[in-house]
Amino acid sequence: MKNRDVIVALVRDGHSDASIALRLGCDRSTVGKVRRSLGKGTVRRVDEYRPERMPTSPAQQAANRDRLLAALRAA
């Protein structure tokens, strides 16, 4: 199987350009060219990040940390 065929399969499975390039030992630009030829945009993990829940605020983090430390001291 050619690298292009493997790249196409991995792109369709949803892998990022960087992970495909690392797996196959090729350059990310090679993977990007194949992805563009398929008409798919470049995958950027940070852009696609959608948290399942809202992140905690710094005040909530401090309260959680204090509660955890108190529980550890009591144990």
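## Reading helix H3, inside and out

Author: Let's start on one side of helix H3, where Lys33 and Arg36 are exposed. Exposed means over 50% relative accessible area, buried under 20%, and partly exposed in between (1.4 Å probe, protein chains only). This is a predicted model, in which local features need pLDDT of at least 70, side-chain atom pairs count only at pLDDT 80 or more, and totals for chains, interfaces and linings use all residues. Residues are numbered from 1 along each chain as its sequence is written, and side-chain values use heavy atoms, leaving out hydrogens and water.

Reader: Which residues of H3 are buried?

Author: Helices (H or I, at least four residues) are DSSP runs, numbered from the N terminus. In H3, Val31, Gly32, Val34 and Arg35 are buried. They share one side of H3, because they cover an arc of only 165° around the axis, taken from the directions from the helix axis to the C-beta atoms.

Reader: How do I read a nonpolar core?

Author: In soluble globular proteins, nonpolar side chains tend to be buried together. A nonpolar core is a set of buried Ala, Val, Leu, Ile, Met, Phe, Trp, Tyr and Cys residues joined through side-chain atoms within 4.5 Å. Here the largest one has eight residues, including Val31 and Val34. H1 gives the most to this core, with four residues.

Reader: And what is a salt bridge?

Author: A side-chain nitrogen of Lys or Arg within 4 Å of a carboxyl oxygen of Asp or Glu. In this structure, Arg35 and Asp17 form one (2.6 Å, N to O). Arg35 lies in H3 and Asp17 in H2, so the pair ties together parts 18 residues apart in sequence. Both residues, Arg35 and Asp17, are buried.

Methods: Helices (H or I, at least four residues) and strands (E, at least two) are DSSP runs, numbered from the N terminus.
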